[in-house]
Amino acid sequence: MDADLFLKQEVEFSSPARLRFLLIQKAAGLCDVIQKQWDCGQQAESIQWIIRVQDILSELLDGVQQNGSALSSTVSDLY
């Protein structure tokens with residue numbers, strides 16, 4: 001329970017940059033889980049996590065303003 005409370009407080013009081021970092025960190029952790037499942041031959045079990053990573057990436061991309069600037073293009077390419 002303490003971990004859930006900590007995470008909730010972290011999300012509620014974090015800056016937008018910190019929230020993006022938390023999303024990237026979560027996606028990277030899920031990619032590790034996916035890799036381990038694939039290594040164990042559990043591809044079917046990893047589908048839910050693949051979808052979650054796609055959701056996170058979509059969320060991150062939605063926050064990028066597509067105004068044609070070099071910065072927005074670089075950030076989109078990074079995600």
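Q: Does Ile56 count as buried or exposed, and at what relative accessibility?
A: In this predicted model, Ile56 is found in helix α3, which covers residues 43-62. Buried means under 20% relative accessible area, and Ile56 therefore counts as buried, with a relative accessibility of 0%.

Q: Which residues is Ile56 in contact with, leaving aside its neighbours within four places in sequence?
A: A contact here requires heavy atoms within 4.5 Å, and residues within four places of Ile56 in sequence are left aside. On that basis, the partners of Ile56 are Leu23, Lys26, Ala27 and Leu30.

Q: What distance separates the C-alpha atoms of Ile56 and Lys36?
A: Ile56 belongs to helix α3, and Lys36 is 20 residues apart from Ile56 along the chain. The separation of their C-alpha atoms is 20 Å.

Q: Which element gives the largest share of the lining of the largest pocket?
A: The largest pocket, with a volume of about 210 Å³, is lined by Leu7, Val11, Leu19, Leu22, Leu23, Gln25, Lys26 and Arg52. The elements that give two or more residues to this lining are α1 (2-13) and α2 (16-39). Five residues, the largest share, come from α2.

Q: How many residues of the lining of the largest pocket are nonpolar?
A: The lining of the largest pocket includes one polar residue and two charged residues. The nonpolar residues in this lining number five.

Q: Does Ser76 count as buried or exposed?
A: Ser76 lies in helix α4, residues 70-78, and touches Leu61, Val64 and Gln66, not counting residues up to four places away in sequence. Because its relative accessibility is 18%, under the 20% limit, Ser76 counts as buried.

How values were computed
Residues numbered from 1 in each chain as written. Predicted model: local features only at pLDDT ≥ 70, side-chain atom pairs only at ≥ 80, totals over all residues. Heavy atoms only, no water. 1 Å grid on protein atoms, 1.4 Å probe; cavity = no way out; pocket = protein on both sides within 12 Å on 5 of 7 lines; lining within 4 Å. Points joined across faces, edges and corners; volume = space filled by probe spheres on them. Helix = DSSP H or I, 4+ residues; strand = E, 2+ residues; numbered from the N terminus. Nonpolar A, V, L, I, M, F, W, Y, C, P; charged D, E, K, R; others polar. Buried < 20%, exposed > 50% of the residue type's maximum accessible area, 1.4 Å probe, protein only.
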